[in-house]
Amino acid sequence: MRMLPDRAVVAIINATPDSFYTGCGVMPDKEALRCAILRAVEEGADLLDVGGCSTRPDSLPPTVEEEWQRVACALKIVREVAPDLPLSVDTYRSEVARRAIEAFDATMINDISGGTLDNDMWPLVAQTGVLYVATHLRGEPATMQRLATYSDVVEEVTAELELLLQRMTEAGIAPRQLILDPGFGFAKDAAQNYALVAGLERLKGLGCPLMVGISRKSMLYKPLGLTPDEVLPATTALHWELLQRGANYLRVHDVAAARQTIDLYTYYAKTTQL
């Protein structure tokens, strides 16, 4: 099993026609997809995260076969231009994950449901030994925003992820395989998202590396009255805050900005002995 650096840039590769942000290459434009992959590699991505199923709020999924065809198309391009770069597949479907592991040697499965939407996902992860990102989610993308009801979002998300960790290890997944994602924007409103930022140390206490995905999301552009295209500076500012609070992996649309942020934060942490 390949391991990631302590802090890493995870580049979003959208092999979908319906992403909320199209600046990182979308299907069916294969040339745009190739250019996005090349740019991510050249700008210093540690890992490419390929997704063929949009998980934005209220989105409806493609069929498993449609998702796989999208993912396979992107993974073929990745293997052509960067044969040795670690690969992640952003899917909650075990069949897509299995094919990506077998056909393209995927290093990581990034599951926005934490295994709650496909009962075969955990056995696959345990059997193959891949890295596994378990994201906090209530419901599914089409219903999740109606489930953003918390009395204390930090404590409840922490408790729900702690229970998920227990169940995953009982299912045979080794602790060293596991990465947690608080699920910013998944069954959380803007205020709850920022409460999770402020309380990230509580999640860090669960003992797993943390991946965060806030890049160009509505929690940034709606309070500012902007669009996803306009909030790279806000994304970068919040990335620094998340790194300070214990985030390990930044899942991003803009690799160069995230690369600089991680490299500078690493230097800052070393020189100040954080």
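**Labels and their cut-offs**

Tutor: D105 sits in the loop that joins α3 (94-104) to β4 (108-111), where helices (H or I, at least four residues) and strands (E, at least two) are DSSP runs, numbered from the N terminus. This is a predicted model, in which local features need pLDDT of at least 70 and side-chain atom pairs count only at pLDDT 80 or more, while totals for chains, interfaces and linings use all residues. Residues are numbered from 1 along each chain as its sequence is written, and side-chain values use heavy atoms, with hydrogens and water left out.

Student: Why is D105 called partly exposed?

Tutor: Buried means under 20% relative accessible area, exposed over 50%, and partly exposed in between (1.4 Å probe, protein chains only). D105 has 47% relative accessibility, so it counts as partly exposed.

Student: Is R216 buried or exposed, and why?

Tutor: The relative accessible area of R216 is 4%, and therefore R216 is buried.

Student: Why is S113 given its label?

Tutor: S113, in the loop between β4 and α4 (121-128), has 1% relative accessibility and therefore counts as buried. Leaving aside residues up to four places away in sequence, S113 touches Y92, T135 and L137, contact meaning heavy atoms within 4.5 Å.
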